[in-house]
Amino acid sequence: MAIAVLDALDNARTQWYHMTAIVIAGMGFFTDAYDLFCISTVSKLLGRLYYYDPKTGAPGKLPQNINNLVTGVALVGTLSGQLFFGYLGDKLGRKRVYGITLIMMVVCAICSGLSFGSTPSAVMTTLCFFRFWLGFGIGGDYPLSATIMSEYANKSTRGAFIAAVFAMQGVGIIFAGLVSMTLSAIFLSRYPAPAFDANPKDYSDVLSTQPEADFLWRIVLMIGALPAIVTFYWRMKMPETARYTALIEGNAKQAASDMGNVLEIEIRAEQDKVAQFKAANEYTLLSGEFFRRHGKHLIGTMTTWFLLDIAFYSQNLTQKDIFPAMGLTDPAKKVNALMEVFQTSRAMFVVALLGTFPGYWFTVAFIEKLGRFRIQLVGFFMMSVFMLIIGFKYAWLKDHPAIFATLYGLTFFFANFGPNSTTFVLPAELFPTRVRSTCHAISAASGKAGAMIGAFGIQDITLDGKPKSIQKAMMILAFTNMLGFCFTFMVTETKGRSLEEISGEDGDNGGENGIRTDAPVSK
């Protein structure tokens, strides 16, 4: 049962409004990635500033529980925000909720750089409080951005458009490293200081930790508000998606009018068809009908995203501990506080630029040719292979930093030209309109549960920086990636089909074919 407004969207040529939607939704992901990952560039600095103990004979270091909270609390907020805003996106509308998440991100990014007190406990409590709510706002961006882009796109390029939105995460990670590197270089030029071990023992950290560095980490965190401020106006100008307006609100006339203006064509309202379509798809998320049609898909998207994020966030959040082993940064005693930030940020920037960033855009380029299923399978498999090599050959690789860095970069490349992108795309396509945002949110929240294991579990293993610890972590991550490879067989290929064909909303029950990987392409 074809509805004119949905058919017009599915078969529309790529137009300026598609590009505009990618930029508006993508800037949200740019902000998300910057806010989540910039903390890795300054967390060691926080230890030097607030937790120096002369008895250790080493630079100040965040206690393990504090380090886990600082780097992981935003992930807890993100998980909560995904479930909350994902549900609201189906109940109140995608656009209505979209602005709220952006406001939260702006306010909390700014407040993350403030402190209600000067003691270490006061600073860390303030930081963790606002980073939780920052994560809460970021969480809402996942299901809403993916759902809006999938419902705006045409069926021939939908996967590439959703992947392009997600690829802005890579740009955000690059900018997190670039901003920290640039600012720390500016601070270094103004406030030089000797390395930690170049000072008398009792004054090592005092003299090697510039007091002005306390401003650096605050500025780095607060800059995360800027891209969200820039895109707020344009996000509010976007019309509600036609699929929500027609299939959930039942307002065919408004949907036809909104999309007619966007596509610059006249579209028939077809209120009777919309009413029939809506009546035929009233089943809820917790109904037996949903689980019969989509239960296997939901388990597949949840498990693969969960397993992927254990590895992906472990890699990103523990880079600061692995970089010294790779020879990309000097030992903490050999540098001052600002130089440590500079070197960590520079290493993060290089790895993101050469390893992380290309993978995202390879997915954009090839997702409609190779399909989501194949890209996800190959990505999980290659990540397992490279992490296994690093795990088994770690001692040898430490003496060959160029090869070590190449293998480490390739794990990022195949994460992004692989499951990190496809686990975001598939939940936005597999489920019916009425629960699409909620199902994407559940899948994404499952991923963040995996990320929390990375932040609170894997990071515990690597925090001491010992070779055996990093070797052990890599072996664990190789195993989780291979599990992700196996669970990928629970999802189906979606390329070339309309959202209604995939979900079975058009009456063909397309959503029942749980492990079909060679779905026919509709011309």
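1. pLDDT is the predictor's confidence in each residue, from 0 to 100. This is a predicted model, and the chain's mean pLDDT comes out at 86, with 92% of residues at 70 or more.

2. Now the aromatics. The count is 36 aromatic pairs. Take F84 and F85: their ring centres are 5.1 Å apart and the planes sit at 80°, so this pair is edge-to-face. F85 is buried, at 2% relative accessible area, whereas F84 counts as partly exposed because its relative accessibility is 42%, between the 20% and 50% cut-offs.

3. F413 and F414 are also worth a look. With ring centres 5.0 Å apart and planes at 90°, the pair is edge-to-face. Is F413 buried or exposed? Buried, with a relative accessible area of 14%; F414 counts as buried as well, at 15%.

4. Ring pairs also build a cluster, linking F29, Y142, F166, W305, Y360 and F424.

5. Last, the surface. I103, V107 and F232 make up a nonpolar patch there, with about 240 Å² of accessible area together. I103 belongs to helix α5 (residues 94–111) and, at 45% relative accessibility, counts as partly exposed.

Terms used. Residues numbered from 1 in each chain as written. Predicted model: local features only at pLDDT ≥ 70, side-chain atom pairs only at ≥ 80, totals over all residues. Heavy atoms only, no water. Patch = residues over 30% accessible without salt bridge, like charges linked within 9 Å, V, L, I, M, F, W, Y side chains within 5 Å. Areas by Shrake-Rupley, 256 points an atom, 1.4 Å probe, with all protein chains shown as cover. Salt bridge = Lys/Arg side-chain N within 4 Å of Asp/Glu carboxyl O. Helix = DSSP H or I, 4+ residues; strand = E, 2+ residues; numbered from the N terminus. Buried < 20%, exposed > 50% of the residue type's maximum accessible area, 1.4 Å probe, protein only. Phe/Tyr/Trp six-rings, centres within 6.5 Å; stacked < 30°, edge-to-face > 60°.
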